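Hi,

Here is the structure I promised to pass on.

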Amino acid sequence: MKRDIKRDLKPKELRKELRKELKPRKELKNICAAALAVLMVVLVFAACGRQENPEDINPPEPTEVNGGWNQAVVPGSTQPQIHVPLSQDRLNYFIEQVLANTRPVQENGEPPVWDGDFTSLTQEERQQLQEVVKQEAGYEVIVTDGGLVYADPPAADSPPVTDASGNPVPSVSYPGGNNQNNQNNQNNQNNQNGTTKASEVNEPVKESAGEGNISVVSTQPTSAANISRLIDAQMKKPMTTFGGAGHQRIVAAEVTQNGGYVALALVDTRAPGIPAGMAEFSSAILRYTPEGALEGSPTYIGGNKQFELRDITVLRDGSIIAVGDTDCTNLDIPYSANATRDAVIVKLDGTGKLLWTKSFFGTRDDSFATVSATPDGGFVVGGTTASADNTFAGLPDFVNQIGDQVIQVPAQKAILMKFDKDASTVYWRRVMTGSKASSFTATAVDPVSGDVYASVMSAAGDYDFAGIIGYGSGQDSLVMRFSKNGDTLWYKPFAGNSNAVINRLAPANGGGVVAAGYISAATYNSGSFKDITSTAFGARGQDDVVALKYNTDGSVSWIRSVGDITHDRCTGVTAIDGGYVVIGYTQQPVATQVFRYDWLNQDYGAGSSSGFAMMINDNGNVVRFIPMSGEGKDNLYGAAGQGRAFALVGSSPSTGGFMAGASPQASGGNHVGYIALFTAQWS
């Protein structure tokens, strides 16, 4: 009836009548639109909060179940999945990279073309795409039928892949994007054209060799006149020695929870008490009381060939982790029959009882050089590998080395991995690749934030090192800062015309890191050091020891050098209340030469080398100098500090000088290891 009436209405009257009927519907529509708008705003803010709040992005640490190895689970996240903000062009580029590896070329020889359908991607292609996006864009992603979304949780913290023996198999993860095998040819073409490109790591904090990134000039020369007044032997008591026969040396030390020290020694078959069946050089873990007395019996670790542990740390629960390498073939761990050495991690409880040994190996040489405990109870390990199979499957295998002719060589990788306390979960890994020897040589962890500082030493100037180091001949270094989750925050080159090596790190008091190493004379006024022209800084001899402090943003607050006319090397650094202790050794001049600089008129023995400890306060001023020298080849290898106390460890064949009164003493050319305790005196 109403419809019939409306047919009789004039158009103007009809529109008026319809508006009356539609008004409630329009109001309802407006209400729905407003509700939808509010919902969209909430979702947008939630997405922004997810992306900007690190605590939301960072995954929770895996938790153990049933107390067993390899049974780690990651608690689920309630955060919504957010699509990755990649442009379509960049996403297409990544997908084309993957398809070029997985699909045949077209009949006309052109690369395969993607039709835009994510559902057409195979599982293998999805996995490769996830890895490419992580490597080149820095996102942990999952490939779904609808596109790419942020991983939830990120793949790096998923339960680990393990081999048949329970050892974790680390997957590849790069700080940059230039070391993939399918980019080697392009990199080498760049090298030939002189247009090398640095790895794409956090653009605002990149540095390149030759830019003078270390510009702080030493203001206090460590001159002979100055150092001669600083000698102050502060040894608490005669040192404790280890050995008495053979060639023994203590190479590293760490503070224990009871205020004592745990030390790492290398021993040969003549060491007293070494178990039968251990051949060549083996390792021993020694525990000392706060007063320096040996506690319990040494824990010997070895086999039918060398077993060389190189660094040691104490975890939050008091257990002990040591890392190194071995070529033993009679131990209950997997090994490579083709390689000279395999990387190893050992764990002991707080009493020195050996709990387990795990190997990490491929068909080429692999080694761990450094380890540091992390605040979450785990640890980070750094080292080197030339392998690309077995434990290191997925890493680059061969690369092209540019020289007089292009030759293919095994890729030399510096590796850094973050583990849980039992090395059953690999939280994250970082790899840097070059055509020449490369290794993570030192690590230090901020005790509050958990950020990881690491130094990389490499002779390469290509692939991941292109445009960063490789400024001249010899070894160069990078000092890097990673977040606790493995994100690269910055890296700084330590590079010049010749050797420029950072081989020791210590967390700086109040934040940052103190780095120590050595530089050759040809390095001064070049590369990272081109702005350092002060005559008070270095250039003493063939190699000088250098220590510098990097602030949390990567800037340098001070730098100091010490050296004389021969080779001077740094072997350790530790933080103590009020400053730092930097240790090393200097080689004696030949008979026709004398010290002319920092060791002038010092009471050094007649041996081929002598140890020293240099105390630097928080402001970077050298305030103490401790010579540790006898008549033999005396070397310092490690330092560990707590409060104002610190321990120095090394080896010596001397019976006089600083070794006088030590027991047992060396005899007949044998070397004993030693630990010496000191208390800092700053005034």
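Contact here means heavy atoms within 4.5 Å. One caution: this is a predicted model, so to speak of local features we need pLDDT of at least 70 and side-chain atom pairs count only at pLDDT 80 or more, while totals for chains, interfaces and linings use all residues. Residues are numbered from 1 along each chain as its sequence is written, and side-chain values use heavy atoms, with hydrogens and water left out.

Let me start with S372, which sits in strand 14 (strands are DSSP runs of E, at least two residues, numbered from the N terminus). Beyond its neighbours within four places in sequence, S372 is in contact with T313, F379, V380, T443, A444 and V445. With T443 there is a side-chain to side-chain polar contact at 2.8 Å (a pair of N or O atoms within 3.5 Å, one able to donate a hydrogen and the other to accept it). S372 counts as buried, because its relative accessibility is 10% and the cut-off is under 20%, with a 1.4 Å probe and protein chains only.

Strands 14 and 15 are joined by 7 bridges, and T370 has G382 as its bridge partner.

Another open antiparallel sheet of 4 strands runs 5-34-33-32. Its edges are strand 5 (240-242) and strand 32 (635-642). Strand 5 pairs with strand 34 over 3 bridges, with T240 opposite I675.

Cheers

Conventions. Two strands pair if DSSP finds at least two bridges between them. Buried means under 20% relative accessible area, exposed over 50%, partly exposed in between (1.4 Å probe, protein chains only).
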